[in-house]
Amino acid sequence: MSSRSAAAASVNGPGLLTIAVCLAAWELLIRGAAVQYAYLPAPSAIFGGLVELVSSGQLWADTAHTLLAVILGWGIAGVIGIALGVVMGISPAFRRYSLATVEVLRPMPGIAFVPVALLLFGFSLETELVVIVLPALWPVLINTIGGVANVHPRLFEVGATFRLTRAAIVRRLLIPAALPSILVGLRLSLTLALVLAIVAEMVGNPTGLGYAVVRDQQALRPAVMFADVIVIGVLGILLNQVLMQLTGLLFPAASGRLRDA
């Protein structure tokens with residue numbers, strides 16, 4: 001199949017049609033006064049708000065800040081989660097003594113760290129990272145532990161046969177074998193990092209797309225506020241697609257499981 005036909009096949013026609021029908025119904029209900037909410041704009045008004053954001057240049061600055069926070073927080077969580085997950089996966093004793101700590105910390109919401117982060121770092125990018133990293137860490141850590149722990153023990157025998165060191169076995173055999181599970185954790189973590197960045201900007205650091213939603217809501221500009229929300233949704237879709245494409249290019253054998261997650 002050519003790349004053009006593959007791209008055409010990946011387009012969800014029924015899904016796009018459903019969105020179009022919903023938007024048309026929304027527009028008709030607002031214009032026909034069947035739904036009367038003072039601050040619920042029609043899709044056409046939201047599109048005008050989006051044009052206003054783009055032309056003013058504010059959209060690009062807000063998006064750039066949020067994207068930076070997401071990538072940094074996700075990257076830090078990924079590195080820590082993979083490294084700690086590999087150690088916990090290959091060492092049953094270490095896993096036995098540390099898993100209880102993980103289970104205690106994992107349910108804690110990232111938003112609970114906003115007061116602490118504000119006291120330590122004030123209104124800054126570091127505050128956002130504190131809110132993002134810990135919750136975004138758990139999907140990577142848990143999936144890495146499961147992926148490594150479920151690798152067949154014979155893999156170590158294969159490494160010993162080829163006289164590989166333990167570090168080489170982990171790097172060349174163990175991590176590639178657990179890669180599908182690790183990638184699933186990274187995908188889940190990326191979505192969570194975006195959500196947490198938006199929340200942190202709403203209540204902690206007054207900048208980025210999250211603060212833009214609050215700013216336009218307080219300014220009683222509902223059309224622009226809804227446009228901000230749509231931009232956040234589109235950014236999430238684009239981040240997911242970029243991750244999928246990079247995975248397909250770098251790890252084609254593992255991309256199938258990531259796509260199904």
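Student: In which helix is Thr66 found?

Tutor: Thr66 is found in helix H4. Keep in mind that this is a predicted model, so confidence comes up below as well as geometry.

Student: Is Thr66 buried or exposed?

Tutor: A residue counts as buried when its relative accessible area is under 20%. Thr66 has a value of 0%, so Thr66 is buried.

Student: With which side chain does the side chain of Thr66 make a polar contact?

Tutor: The partner is the side chain of Glu201, at 3.0 Å. Beyond neighbours within four places in sequence, Thr66 is also in contact with a set of residues including Leu194, Ala197, Ile198 and Leu235. Gly208, Leu209 and Gly210 are among the contacts of Thr66 too.

Student: What does Asp62 touch, not counting residues up to four places away in sequence?

Tutor: Asp62 is likewise found in helix H4. Asp62 touches Gly208, Leu209, Ala212 and Arg215 on that count. With a relative accessibility of 4%, Asp62 counts as buried.

Student: How should I read a salt bridge, and how many does a search of the whole structure find?

Tutor: The general idea is that side chains of opposite charge can pair when their charged atoms come close. In this structure the search finds five salt bridges.

Student: Which side chain meets that of Asp62 in a salt bridge?

Tutor: The side chain of Arg215 does, with an N to O distance of 3.4 Å. This pair links distant parts of the chain: Arg215 sits in helix H10 and Asp62 in helix H4, 153 residues apart. Arg215 is partly exposed, at 23% relative accessible area, while Asp62 counts as buried at 4%.

Student: With which residue does Asp216 form a salt bridge?

Tutor: Asp216 forms a salt bridge with Arg215, and the closest N and O atoms are 3.8 Å apart. A salt bridge needs a nitrogen within 4 Å of a carboxyl oxygen, so the pair falls inside the cut-off. Asp216 has 0% relative accessibility and counts as buried.

Student: Which residue forms a salt bridge with Glu52?

Tutor: That is Arg221, with 2.7 Å between the closest N and O atoms. Here too the pair links distant parts of the chain, 169 residues apart: Arg221 is in the loop between helix H10 and H11, and Glu52 is in helix H3. Both ends count as partly exposed, Arg221 at 32% relative accessibility and Glu52 at 37%.

Student: Which residues are linked in a network of salt bridges?

Tutor: The network consists of Glu52, Asp62, Arg215, Asp216 and Arg221.

Student: Turning to the surface, which residues form a nonpolar patch?

Tutor: The patch is formed by Ile76, Ile80, Leu84, Val87 and Phe94, which together have about 370 Å² of accessible area. Helix H4, spanning residues 58-90, supplies the largest share of the patch, four residues. Ile80 lies in that helix and counts as partly exposed, with 39% relative accessibility.

Student: Is Ile237 buried or exposed?

Tutor: The cut-off for exposed is over 50%. Ile237 reaches 53% relative accessible area, so Ile237 is exposed. Ile237 lies in helix H11, residues 222-250.

Student: How far apart in space are Ile237 and Thr191?

Tutor: From C-alpha to C-alpha the distance is 9.2 Å, and the two residues are 46 apart in sequence.

Student: With which residues is Val114 in contact, leaving aside its neighbours within four places in sequence?

Tutor: They are Val131, Val203 and Gly204. Val114 lies in helix H6, residues 114-121. At 6% relative accessible area, Val114 is buried.

Methods:
Residues are numbered from 1 along each chain as its sequence is written. This is a predicted model: local features need pLDDT of at least 70, side-chain atom pairs count only at pLDDT 80 or more; totals for chains, interfaces and linings use all residues. Side-chain values use heavy atoms; hydrogens and water are left out. Helices (H or I, at least four residues) and strands (E, at least two) are DSSP runs, numbered from the N terminus. Buried means under 20% relative accessible area, exposed over 50%, partly exposed in between (1.4 Å probe, protein chains only). Patches are made of residues with over 30% relative accessible area and no salt bridge: like charges are joined within 9 Å, nonpolar side chains (Val, Leu, Ile, Met, Phe, Trp, Tyr) within 5 Å. Accessible areas come from the Shrake-Rupley method with a 1.4 Å probe; for residues, only the protein chains shown count as cover. A polar contact is a pair of N or O atoms within 3.5 Å; within protein, one must be able to donate a hydrogen and the other to accept it, and residues adjacent in sequence count only if both atoms are side-chain atoms. Contact means heavy atoms within 4.5 Å.
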